[in-house]
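Good morning, colleagues. I shall speak briefly about one structure, which is shown here.

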Amino acid sequence: MADPIQLTDAAKYYKAEPQQVSAFEWLQQQQTAETMAEFAKQYRATPPAPPKPEAQPGYITADLMQAITGHPAKSFDAAFVNDFNDMLESTGFDQHLDAMQMLMANLAHESCGFVYMKEIDSGEYLNGRTDLGNVYPNDGPLFRGCGPLQVTGRANFQASSDWLRDHRGIDDGKIMALGTDYAADFYAFTIAIPWLLNNDLLNVCLKQGFEACCVRINGGYNGYDDRCAWYHKCKQVMV
């Protein structure tokens, strides 16, 4: 007599091999219509939502984000707050209020007050940007601006994917396979950590000031007046 088998194991290892198909067909014939109807109902049911994370201690809070942006605190859930704090702590910004103000101002500008976590342009204009590592067709749209820092390009995404694997033990192939449409939803701030570290942005802020911070992030002075307006607001609120 063969050893008993768990149906969940049978489903997990199902490969539509002839003997597997035959076994499932035999099993189905043993069931009543009522049993199969209930099975179908439970099998197709919407899975329960995962529990929402709780906000962890850190400088960034939903109330602070409301004070800076004017958006309701409820717009900034625990996942947002935790990811933001993780980015600050992982890059050392959390230890320097002045540098945090500079970074916050630039993030607010790049994301229009933390409204857009994905670049609203299609990203076609980024195709062929080998300086960003975009060497394959559709790399531009795939790796268009991501998160409030608007991390862009295959090379920066690969650096972030590698950092998560090496420092967090997270080997998430969807970051490279799906690009911005996926990473912005799950790693909006985390994806910026390698860029901030590789560009030594904390020291740029501390040693060269706000203007240099803006230029390092933007590559020039695009939107500089708006960045300055956000910086003024951040210095008033972040105390």
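**Cysteines, core and pockets**

Let me begin with Cys146, which is buried, at a relative accessible area of 0%; buried means under 20% relative accessible area, exposed over 50%, and partly exposed in between, with a 1.4 Å probe and protein chains only. What you see is a predicted model, in which local features need pLDDT of at least 70 and side-chain atom pairs count only at pLDDT 80 or more, while totals for chains, interfaces and linings use all residues. Residues are numbered from 1 along each chain as its sequence is written, and side-chain values use heavy atoms, with hydrogens and water left out.

Cys228 is partly exposed, at 27% relative accessibility. Its closest cysteine sulfur, in Cys214, lies 6.1 Å away, again too far for a bond. With a disulfide taken as a pair of cysteine sulfur atoms within 2.5 Å, the count is zero.

I turn now to the interior. A nonpolar core is here a set of buried Ala, Val, Leu, Ile, Met, Phe, Trp, Tyr and Cys residues joined through side-chain atoms within 4.5 Å. The largest such core has 54 residues, and Phe84, Met87, Phe114 and Leu201 have the most contacts inside it. Helix H6 (residues 97-110) gives the most to this core, with eight residues; helices are DSSP runs of H or I of at least four residues, numbered from the N terminus. Beyond its neighbours within four places in sequence, Leu201 is in contact (heavy atoms within 4.5 Å) with residues including Phe93, Trp195 and Ile217.

Asn199 sits in the loop between helix H11 (193-198) and helix H12 (201-208). Asn199 is partly exposed, at 22%, and touches Val204 and Arg216, residues up to four places away in sequence not being counted.

Finally, the pockets. A pocket is an open set of points on a 1 Å grid over the protein atoms alone, where a 1.4 Å probe fits, with protein on both sides within 12 Å along at least five of seven lines; lining residues have an atom within 4 Å of a point. The largest pocket is lined by 14 residues, with Leu7, Phe24, Leu27, Phe39 and Tyr43 nearest its centre. Helix H3 supplies the largest share of that lining, six residues. The second largest pocket has 19 lining residues, and Glu110, Leu149, Gln150, Ile217 and Asn218 lie nearest its centre. Helix H13 gives the most to this second lining, with three residues.

Notes:
Helices (H or I, at least four residues) and strands (E, at least two) are DSSP runs, numbered from the N terminus.
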